[in-house]
Amino acid sequence: MSQRPVGRLILLPILSMATIPMLVSAHVDPTKFTPSAFVEKPAVVECNLEDGSSAQCYKFTVAYQPEGLEIGPFCPSNIDEKGGIWDWDGEKAGLYRLDRDFFEMLADQGYRFYDKDGRIVISDPGSGQPPEADHTCLMATPDKDVTITMLLPIEPRMAEKALSLGTVAKVGVALDGVPIFADAPSVLDTGHLPALDVCGGHIDPGGWYHWHATSTDIATVEKTEGVAVNCALAQDATAAFGFAFDGFPMFGSLEADGSKPEGLDKCHGHMGETRLGKTYHYHASTEFPNLPTCLSGVVAENNFSTTSSTGIGSQGNARRGPGQGMPPGFEEAAQILGVSTEDLMNALKGNGQRPNIAAAAEKLGVTEKALRSALPQPPQHAR
Ligand SMILES: [Zn+2]
Ligand SMILES: [Zn+2]
């Protein structure tokens with residue numbers, strides 16, 4: 001093709017007519033990612049979307065954490081040290097530094113995470129052992145061998161109804177290759193505190209690191225919430241952070257020109273010009289977690305798997321596959337509740353068309369409230 005301006009002038013009207021869908025949605029573009037983000041070259045594969053259509057997806061495979069990314073600290077070892085951060089949703093809700101003031105405030109509310117010597121009680125949710133106390137600070141161990149495979153539709157499509165993102169729902173993938181998840185499980189539901197570092201990430205029980213926030217714009221949030229910490233990642237409220245699992249890009253809390261985004265929908269997205277062209281896109285909010293609250297586009301089925309034997313998307317869970325009795329979201333629910341997926345399924349089975357949540361909660365030894373909040377919401381498009 002000619003590189004001369006005259007050639008472009010002739011081609012432009014033809015191209016723009018032939019590519020009208022592209023004007024409303026930028027493609028997922030592997031070249032926008034950090035070159036070292038992938039452990040395998042991104043591949044184009046056929047995929048099924050959750051609305052029943054088929055599409056082409058990018059298959060991204062990433063390591064347990066990006067090379068050179070400094071993570072932590074998470075749980076402080078004693079009450080006089082400072083750890084990461086936590087978004088407390090009980091009384092005096094807000095984002096806090098994990099320090100003495102915070103742990104004493106929680107103790108006043110009946111959640112005591114330290115012993116008489118001020119040592120924080122820490123447990124590893126990937127160890128297979130139950131936590132040694134009712135309230136422990138959770139800190140999983142990295143597993144360098146784990147890889148994660150994600151599928152994102154190349155050409156995003158708007159869904160008829162937005163997909164709501166509950167606890168630990170899959171949100172997307174950051175440009176550094178790190179998976180992004182919605183809220184980590186609440187202390188109010190599990191009694192335990194899965195500490196985040198000051199950039200908003202932590203290690204899954206499966207041994208891999210992931211974000212629970214827009215980490216390249218988390219300084220904005222920490223300022224809004226009055227938490228004096230310093231994420232070492234370069235902060236840029238106008239930068240692209242990653243792509244959501246529906247294929248639409250996610251940006252910081254400001255537009256490319258530094259202005260505040262206008263006309264955001266309930267998912268915190270809108271149509272407009274971006275550094276990736278004119279497209280529907282999401283913006284980070286200025287409060288924690290600064291992530292989209294729902295996805296406006298259609299996501300691919302089975303879009304997240306890991307080589308780990310435990311944790312979200314693990315082999316043990318993936319092997320069941322669709323149609324083998326594991327409704328979507330149940331592996332995550334089991335994870336939150338700290339029970340096996342088998343136990344969860346068995347507890348909910350055999351008490352009629354609609355599961356008796358109270359009876360199931362009793363069988364599992366969890367509260368009814370914890371069970372209700374952990375279970376996946378019915379699919380939006382079925383309503
Ligand atoms: Zn997490
Ligand atoms: Zn915008």
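Helices, taken as DSSP runs of H or I of at least four residues, and strands, taken as DSSP runs of E of at least two, are numbered from the N terminus. On this basis the protein chain of the predicted model contains 10 helices and 19 strands. The chain has 383 residues, of which 44% are buried. Among contacts in the chain with a separation of 6 or more, 63% are made by residues 24 or more positions apart.

The largest nonpolar core comprises 97 residues. Within this core, the residues with the most contacts are Cys137, Leu152, Ala195, Leu295 and Leu337. The core lies between domain 1 (64-144 + 157-299) and domain 2 (323-382), because both domains give residues to it.

Leu337 also belongs to helix α7, which spans residues 330-337. Of the 8 residues of α7, 7 are buried, so the helix is largely enclosed by the rest of the structure. The buried residues are Glu331, Glu332, Ala333, Ala334, Gln335, Ile336 and Leu337. When residues up to four places away in sequence are not counted, Leu337 touches Leu344, Leu364, Val366, Ala370, Leu371 and Ala374. Just after α7, Gly338 adopts a positive phi of about 70°.

Four strands form an open sheet with antiparallel pairing, in the order β1-β2-β7-β19. Strand β1 runs antiparallel to β2 (residues 54-63), and the two are joined by 6 bridges. In this pairing, Val45 has Cys57 of β2 as its bridge partner.

A further site concerns Val198, located in the loop between β11 (193-194) and β12 (201-203). A residue counts as buried if 20 or more other C-beta atoms lie within 10 Å of its own. Val198 has 25 other C-beta atoms within 10 Å and is therefore buried. Leaving aside residues up to four places away in sequence, Val198 touches Gly84, Ile85, Val229, Asn230 and Cys231. The C-alpha atoms of Val198 and Ala228 are separated by 9.7 Å, the two residues being 30 residues apart along the chain.

Methods. Residues are numbered from 1 along each chain as its sequence is written. Chains are lettered from A and ligands numbered from 1 in the order in which they are written. This is a predicted model: local features need pLDDT of at least 70, side-chain atom pairs count only at pLDDT 80 or more; totals for chains, interfaces and linings use all residues. A residue is buried if 20 or more other C-beta atoms lie within 10 Å of its own, exposed if 12 or fewer, and partly exposed in between; C-beta atoms are placed from the backbone. Two residues are in contact if their C-beta atoms, placed from the backbone, lie within 7 Å. A nonpolar core is a set of buried Ala, Val, Leu, Ile, Met, Phe, Trp, Tyr and Cys residues joined through C-beta atoms within 7 Å. Domain bounds come from an automatic or database domain assignment. Two strands pair if DSSP finds at least two bridges between them.
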